[in-house]
Amino acid sequence: EGGGDMAAGGADDREGWCGPAAGGLALLGLVPGAPSCPHGPALLFVKTSQGKEEGRRFYACSACRDRKDCNFFQWEDEKVSETRLAAREEYNRSHQPFFTHRQNAERYKNFVLLPLSKRRFCQECQQLLLPAEWEKHSDHQFVCDISTAQLKSPSRILYPLENKKTNAQYLFADRSCQFLLDLIIDLGFRRVLSVGTPRLHEIIQSKASQEEDFRVRSLLLDIDFRYSQFYAEDEFCHYNMFNHYFFGGEAARETCRKFLYQDNGERVIMVTDPPFGGLVEALASSFKKLMAMWKETEEGGHNSQEMPTFWIFPYFFESRILEFFPSFSMMDYQVDYDNHALYKHGKTGRRQSPVRIFTNLTPSTIVLPVEEGYRFCTICQRYVSSGNQHCEICNSCTSKDGRQWKHCVLCKKCVKPSWFHCNNCNCCALQNHTCEKTDAGCFVCGKAGHKRSTCPSLSHA
């Protein structure tokens, strides 16, 4: 979850890959016949200079930015020998989980039948243990007496995968999780496609098992296979959101399809919380494929519609998300996380979480809690944070970070309160910034007027 439960997405070439902000590297996407690594089909990349392709194209892992986590690399025009292909297939097989999802589901059935005193979880192997397996794990750390409540909240038992380059597993704080669920219910949705949001999934599953009149259901799609120990095959699919890859093959894809098809595809919403280091273009491609899967529900008549979606991501990616989904708009609600030092709900400045909800639902229907400082702007017809004042010149509530922004007449837009207009740069910036020559041209796209770090085409890189 938050920051996503998925691998951080990116690529790696011979000289190393610094993530989506690395200038001079373009994602060409998923192409038919692409080679595979343990994380599914690889993505195609190319080095760029001044916005033009330069050098050979290459394939790299869709899910891992650090070569220590997955060192897959292949030039697009490289001839790979039969021996190397066979070795690669064997390597990919050997790096799959020890148990299948079906085996894990059977193990879970046996585990819940055990008395409390015999329910153990190996912290080192991150695995539920049956008594016959204790001996093999005798020198490992255990969590004993695993209760039913703990089994229904696996995200609190499993170690969060916090390696920012490979996994960014930050989990929704209870406040945000409960808000999202209440909002989903108030909007009339009955099924949630939870893409990389295990904590939201588990709260839905838990309520469904405890409350007879609770009608919401969830299907979790996540790259973290550890969750297969706790959920049946119709509750969890092992999935890579960077290349739309179902590890369980056609059976898992069919599970997802069936879930979307229920009630003719009505009253279903996708909620996704990708890692913030992930490539927006790769994520958008996968989400469009999930939306297309929903559209295929013939009786639903969704031809001109988009599947209702909440995409949870930092506000500074707004322009990139809108580039791929023009129908989306950003809500002011601050999403916060349990295990992230910075992304917590606060009242001022940098203490505030930058994470927001992007949605294709009508903004006026997204009611934000007044007790947390949100108010309804009758002109914008949406809820905004209390510090987000309506600018009469822009005719919009312009703040992105919760603070009151100020209008710059020269820039013809509102800017952060800490920024001042610089005549050298001909734009607003921090007062103590280093002026850049604006005629030098951007390293990424070659155009003048901005630096590489603020290039609008950056997430192609």
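Helix 4, residues 174-186, has 13 residues and reaches 18 Å from its first C-alpha to its last, which is close to the 18 Å expected at 1.5 Å a residue. The model that shows this helix is a predicted one, and the protein in it has 8 helices and 25 strands. Of the 461 residues in the protein, 52% are buried, and among contacts between residues at least 6 apart in sequence, 60% join residues at least 24 apart.

- The buried residues of helix 4 are Ser176, Cys177, Phe179, Leu180, Leu181, Leu183 and Ile184.
- An α-helix has 3.6 residues a turn, so residues three or four places apart point the same way.
- The cover over the buried residues of helix 4 includes both helix and strand elements, among them helix 5 (198-210) and strand 10 (191-195), and it also includes strand 14 (268-272), strand 15 (309-314) and strand 17 (355-359).
- After helix 4 comes Gly188, a residue whose phi is positive, near 90°.

**Strand 4 and its partners**

- Strand 4, residues 43-49, is largely enclosed by the rest of the structure, because 5 of its 7 residues are buried.
- Strand 1 (residues 25-29) pairs with strand 4 in the antiparallel sense over 4 bridges, and within this pairing Ala26 stands opposite Val46 in strand 4.
- Strand 5 (residues 52-60) also pairs with strand 4 in the antiparallel sense, here over 6 bridges, and Thr48 stands opposite Glu53 in strand 5.

**Cysteines**

- The count of disulfides in the model comes to 0; Cys64, for example, is in no disulfide, and the nearest cysteine sulfur, that of Cys61, is 4.1 Å away, whereas a disulfide would need the two sulfur atoms within 2.5 Å.
- Cys64 counts as buried because its relative accessibility is 2%, which is under the 20% cut-off.
- Cys144 has a relative accessibility of 40% and therefore counts as partly exposed.

**Aromatic rings**

- The count of aromatic pairs comes to 21, and one of them joins Tyr239 and Phe246 in a tilted arrangement, with 4.8 Å centre to centre and 55° between the planes.
- Tyr239 and Phe246 are both buried.
- Phe313 and Phe317 form a tilted aromatic pair as well, with 4.8 Å centre to centre and 45° between the planes.
- Phe313 counts as buried because its relative accessibility is 0%, and Phe317, at 15% relative accessibility, therefore counts as buried too.

**Charged groups over rings**

- Arg120 lies over the face of Trp134, at 3.9 Å from the ring centre.
- Lys406 places its charged end over the ring of Phe420, at 4.0 Å from the centre of that ring.

Definitions and conventions. Residues are numbered from 1 along each chain as its sequence is written. This is a predicted model: local features need pLDDT of at least 70, side-chain atom pairs count only at pLDDT 80 or more; totals for chains, interfaces and linings use all residues. Side-chain values use heavy atoms; hydrogens and water are left out. Buried means under 20% relative accessible area, exposed over 50%, partly exposed in between (1.4 Å probe, protein chains only). Helices (H or I, at least four residues) and strands (E, at least two) are DSSP runs, numbered from the N terminus. The expected span of a helix is 1.5 Å times one less than its number of residues. Contact means heavy atoms within 4.5 Å. Two strands pair if DSSP finds at least two bridges between them. Rings of Phe, Tyr and Trp (its six-membered ring) pair if their centres lie within 6.5 Å; planes under 30 degrees apart count as stacked, over 60 as edge-to-face and the rest as tilted. A charge sits over a ring if NZ of Lys or CZ of Arg is within 6 Å of the ring centre and within 35 degrees of the ring normal.
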